[in-house]
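The following note sets out points for a colleague to consider alongside the sequence and the model. Please read each point with the structure in view.

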Amino acid sequence: MKLTLGIQAGAVKQFDYLNDGIPDISFIDEHENSLKILLNNKLGIPTLLYNIPLVDNHNELVVDEFFSLRKFFYWFKKG
């Protein structure tokens, strides 16, 4: 099975949404100008996909995982 999540992926970051050791993925889709978050289940199978529109063009992404069940995403453009 092939699954296309975005046409032009920019910054890609791995994070752990539930702190369960299963990596989840976030990336900026530069074609749609949106942040996409892909959450995996306990088997590591993608289960949920969130698509969050961005207001401006961004090419950098940082995920703050300080809190165990709350993640903060910062997207920005250098320069």
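1. Contacts along the chain. Of the contacts in the chain with a separation of 6 or more, 29% are accounted for by residues 24 or more positions apart; contact means heavy atoms within 4.5 Å.

2. Basis of the note. This is a predicted model, in which local features need pLDDT of at least 70 and side-chain atom pairs count only at pLDDT 80 or more, while totals for chains, interfaces and linings use all residues. Residues are numbered from 1 along each chain as its sequence is written, and side-chain values use heavy atoms, with hydrogens and water left out.

3. Overall architecture. The chain holds six strands and zero helices, in the order β-β-β-β-β-β from the N terminus on. Helices (H or I, at least four residues) and strands (E, at least two) are DSSP runs, numbered from the N terminus. The C-alpha atoms fill a box of roughly 35 × 35 × 15 Å along the principal axes.

4. Burial and surface. Of the 79 residues, 29% are buried, where buried means under 20% relative accessible area, exposed over 50% and partly exposed in between (1.4 Å probe, protein chains only). The chain exposes about 5700 Å², of which carbon and sulfur atoms supply 57%. Accessible areas come from the Shrake-Rupley method with a 1.4 Å probe; for residues, only the protein chains shown count as cover.

5. In soluble globular proteins, nonpolar side chains tend to be buried together. The largest nonpolar core has ten residues: Ala 11, Phe 15, Ile 28, Leu 35, Ile 37, Leu 39, Leu 54, Leu 61, Val 63 and Phe 73. Strand 1 (9–15), strand 3 (34–40) and strand 5 (60–64) each give two or more residues to this core, and the largest share, three residues, comes from strand 3. Such a core is a set of buried Ala, Val, Leu, Ile, Met, Phe, Trp, Tyr and Cys residues joined through side-chain atoms within 4.5 Å. Leaving aside residues up to four places away in sequence, Leu 61 touches several residues, including Ala 11, Ile 28, Leu 35 and Phe 73.

6. Nonpolar surface patch. Val 62, Phe 66, Phe 67, Phe 72, Tyr 74 and Phe 76 make a nonpolar surface patch of about 600 Å². Patches are made of residues with over 30% relative accessible area and no salt bridge; like charges are joined within 9 Å and nonpolar side chains (Val, Leu, Ile, Met, Phe, Trp, Tyr) within 5 Å. Strand 6 (residues 72–76) gives the most to the patch, with three residues. Phe 76 lies in strand 6 and is partly exposed, with a relative accessible area of 32%.

7. Salt bridges. The whole structure has three salt bridges, each a side-chain nitrogen of Lys or Arg within 4 Å of a carboxyl oxygen of Asp or Glu. Which residues are linked in a network of salt bridges? They are Asp 29, Glu 32 and Lys 36. The closest N and O atoms are 3.2 Å apart for Asp 29 and Lys 36, and 3.4 Å apart for Glu 32 and Lys 36. Asp 29 is buried at 0% relative accessible area, and Lys 36 is buried at 6%, whereas Glu 32 is partly exposed at 42%. Lys 71 and Glu 65 also meet in a salt bridge (3.9 Å, N to O); Lys 71 is buried at 13%, while Glu 65 is partly exposed at 33%.
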